[in-house]
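Good morning, and thank you for coming.

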Amino acid sequence: MQDAERIAARAVERHRREPSQLLQILIETQDGIGHLPVESLTRIAELLDLPRSRVEGVAGFYSFLYAEPVGRYRILFSDNIIDRMLGSRELMERLCRRLDVAPGQVSAGGEASVDTTSCTGMGDQGPAILVNGLAVTRLDEARVERIASLVAAGTPLAEWPAEYFHVDDNIRRRGVLLGEDFVPGAALQAAMVRGRHGWLEEVRMSGLRGRGGAGFSTAVKWMACSEAAGADKVVVCNADEGEPGTFKDRVLLASQAERVFEGMTLAAWATGARQGLLYLRGEYRYLLKHLRAVLAVRRAAGLLGARILGEGGFDFDIDIHLGAGAYVCGEETALLESLEGKRGTPRIRPPFPVTHGYLGRPTVVNNVETLAKTTLIALQGGAAFAATGTAQSTGTKLLSISGDCAYPGVYEYPFGVTIAHVLEDCGAHDPQVVQVGGASGVTIAGHEFHRRIAFEDVPTAGAFMVFDGRRDPFEMARNFVHFFAHESCGFCTPCRVGTALLKGYMDKLASGKGAKMDLADIEWLDRLLKNASHCGLGSSAPNPVIDTLVKFRPAYERRLVSLDFKPAFDLDAALETARRMTGRDDPAAHLDWREEV
Amino acid sequence: MGGKFLFDGQPVPFEDGQTILQAARAAGHYIPHLCWHPDFPPHGSCKLCIVKVGGRHVSSCALPARDGMEVESDTPEINGERRALLQMLFVEGNHFCPSCEKSGNCQLQALAYELDMSSARFAHFYPDRPVDASHPDVLLDFNRCIFCELCVRASRDVDHKGVFALTDRGIRKHLVVNAESGRLADTDFAVGDRAADICPVGVILRKRVGFAVPIGERKYDEASISTVAMEKGE
């Protein structure tokens, strides 16, 4: 196995023995070996001068890194509820039968392993899988049969039908962002003419708020970073679009990469940052080549590098870092940890990234869509940008629409659009439930379809999943609970244990063994997760359960063995003999259920 | 600068940079904790030290005190949540207090008494966590690990050895040691390390000294954990 050590050593050298590149080194080492054997971790640790335990800890954190050998073809089925509604479970069973392999196992000859993975961001063209990290869309029985044959024949991926790997943009409604042509450099030029302060002032006037979900003011973030002490500022683009049901950043990266990179450069102009990092989720690895090509073109055009557009002292360049299957890294401080080559554990805040971010340097972390939007502000001015949308939610919002509708895809709407309007546009006939904002979002019932997409009403990072009358809201919530349990980083007690417990309760109900007391326990866990969790993953994990319990309670109650929990026998009555024998009848000799926690 | 905040209705002075927990302790108020240790920076993972400030839950070990804050700590609501967090820690591991060498010296057990935890409430996970008895002087019983990372931090930041680390994530997260074999004997861990006597529960145990002090006469058998913490500063 000296090969493994050599491959590991080459990856380390490619990254100049830089410990902050540990995750990239692990990904590349695995690319060369297929998994990460123990001696490869030992070698990496030696060369980086890190404790081996730390390297092992990082390797163990990410879903796409494997300590044990996996199949030469590693097939992962996207397991979001939308993929399931499109038949992913049945297709996975079929493939497993054809390849004679059990889910989660490696086939006897080592040619294939089949498993599930969290939403791969292809809800508009699922069911989707990842084959050795590359996205395959629109799976059906014919494709599964063909894939089984290709795997059996050992056909290299490069010789598989190209259309399997084709990812459509599915842009269905274009607003200012998706509708207008963009000349690379034009926004940058416009912002530079205004000067750094003038440009920040435009962003402030635009009222732009973060499109990643939290809705924090972009101008406030940029100003704080601009004013923070320290010369080595950093701009990070959060392209770890992991929220189940979201894929609008995928489309922006595929079709509007120039705008995204120009937005990062605009952030650098505002803050004085010299280094840019784009954190690309592992599931979107197929976009890496395209993104690197766009970066090269921009460098050649003088839009990146030293003296951008000839401006002395305006030096900025962008690197791309790959994720490896960890939803929590979408949380900005976990993302920074991951960028530094560590486990993706959210940090204690304060301090915030604008003062202590990447490697302790002042850092702006923005969502892909937020950065793309800043090009509009540069070109049209802040006031024009703010003319669209609502007073508190200016501009447009991209929605990733999937589920029970005729036209799934990406839609650009001015903020303030009603859910009913969106449902009509996407061809949803019989919508019963809409999950807005992904697994961590809000469950919207029919009587609320008049509500509006806006930070002040129904906020969203972009996911919009439609469920019609055939669907079961309980199963939707259960799918999301499984997702959170899988994705919890495990740092804090309430999220690590609470999401696993919640999963157990939902499964108990699903198996028809639920009692009313379980609903009380579920509600108690919901509260603990909300109140005590370290980060947004834990505090939003119970959202789908809380919402569906309130709005679709019969979906839970029909699964209970009895509505009023009764133990199999009366415990207090069973103590009667003992009371008679001891001559006691005081309160302490009785069981009082009300004292139960 | 500094200032004053209200802790369960009583004024508590603080100096700049002090967290709520530090200032409260200095003023004689105990806040339950497991992953916090006076010799280390705050970690914020166990969440036992949650308090309510202005209606919001925060980790008192990590949040700097601010003038005029109103902090709720020893209330039925917060203690109920702390009890549930303890129950979570008990069910995720394998904790058999009657046969544990750490009984009476264990902070998890002592806090369970302190907060009147009378049952585990939730279903046990019964994880499979083999012990590591390879080291000549120290036994590792991972069954009791609560992931406070004090051994990780002590070994990394004080001993400069990096003997311990966490791997995997979520409920599968677990402690590993710094050796390709995965055995403590193959690390440079020594019984005199700071990491050797930092464990608040019964994971890291010295060999050949077990039960030297009988159960019933140990630290938290004699006095409650809040008393020990406030009187001895532990």
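Before any figures, one term is needed: buried area is the accessible area, taken with a 1.4 Å probe, that two parts lose on being put together, summed over both. The size of an interface is often given in this way, as the accessible area lost when the parts come together. Please keep in mind throughout that this is a predicted model.

Let me begin with the interface of the two chains. Between them, chain A and chain B bury about 3500 Å², and 57% of that area is on carbon and sulfur atoms. In terms of residues, 43 from chain A are in contact with 47 from chain B.

What holds charge against charge here? Four salt bridges are counted between chain A and chain B. One salt bridge joins the side chains of R527(A) and E81(B), with 3.5 Å from N to O. The interface of chain A and chain B also has 22 residue pairs in polar contact, counting pairs with both residues at pLDDT 80 or more.

Which helices of chain A supply at least two residues each to the side that touches chain B? They are helix 3 (38–48), helix 4 (52–61), helix 18 (473–487), helix 19 (493–510) and helix 20 (516–532). Helix 19 of chain A gives the largest share of that side, namely eight residues. Sorted by class, the side of chain A that touches chain B consists of 20 nonpolar, 14 polar and nine charged residues.

I turn now to chain B on its own. Chain B is divided into domain 1, residues 3–74, and domain 2, residues 100–228. Taken over C-alpha atoms, the centres of these two domains of chain B are separated by 25 Å.

One salt bridge is counted between domain 1 and domain 2 of chain B. D39(B) forms a salt bridge with R194(B), and their closest N and O atoms are 3.0 Å apart. Four residue pairs are in polar contact across this interface of domain 1 and domain 2 of chain B, with both residues at pLDDT 80 or more.

Next comes chain A. Chain A is divided into domain 1 (2–61), domain 2 (73–168), domain 3 (185–386), domain 4 (396–471) and domain 5 (474–562). I shall take the pair formed by domain 2 and domain 5 of chain A, whose C-alpha centres lie 29 Å apart.

In this pair, five residues of domain 2 of chain A are in contact with seven residues of domain 5 of chain A. The area buried between domain 2 and domain 5 of chain A is about 400 Å², and carbon and sulfur atoms give 50% of it. Within domain 2 of chain A, I81(A), R84(A) and S118(A) lose the most area to domain 5, together 82% of what that side buries. Three residue pairs are in polar contact between domain 2 and domain 5 of chain A, both residues being at pLDDT 80 or more.

Finally, some details of the backbone. In chain A, the peptide bond from G126(A) to P127(A) is cis, with omega near -5 degrees. P127(A) is placed in the loop between strand 2 (112–117) and strand 3 (129–131) of chain A. The peptide bond from R349(A) to P350(A) is cis, with omega near -5 degrees, and P350(A) lies in the loop between helix 14 (332–339) and strand 9 (363–367) of chain A.

In chain B, H160(B) has a positive phi of about 55 degrees although it is not a glycine. H160(B) is found in the loop between helix 4 (150–158) and strand 7 (164–167) of chain B. Is H160(B) buried or exposed? H160(B) has a relative accessible area of 64%, and it counts as exposed because the cut-off for that word is over 50%.

Definitions and conventions: Residues are numbered from 1 along each chain as its sequence is written. Chains are lettered from A and ligands numbered from 1 in the order in which they are written. This is a predicted model: local features need pLDDT of at least 70, side-chain atom pairs count only at pLDDT 80 or more; totals for chains, interfaces and linings use all residues. Side-chain values use heavy atoms; hydrogens and water are left out. Contact means heavy atoms within 4.5 Å. A polar contact is a pair of N or O atoms within 3.5 Å; within protein, one must be able to donate a hydrogen and the other to accept it, and residues adjacent in sequence count only if both atoms are side-chain atoms. Helices (H or I, at least four residues) and strands (E, at least two) are DSSP runs, numbered from the N terminus. Ala, Val, Leu, Ile, Met, Phe, Trp, Tyr, Cys and Pro count as nonpolar, Asp, Glu, Lys and Arg as charged, and the others, Gly among them, as polar. Domain bounds come from an automatic or database domain assignment. Buried means under 20% relative accessible area, exposed over 50%, partly exposed in between (1.4 Å probe, protein chains only).
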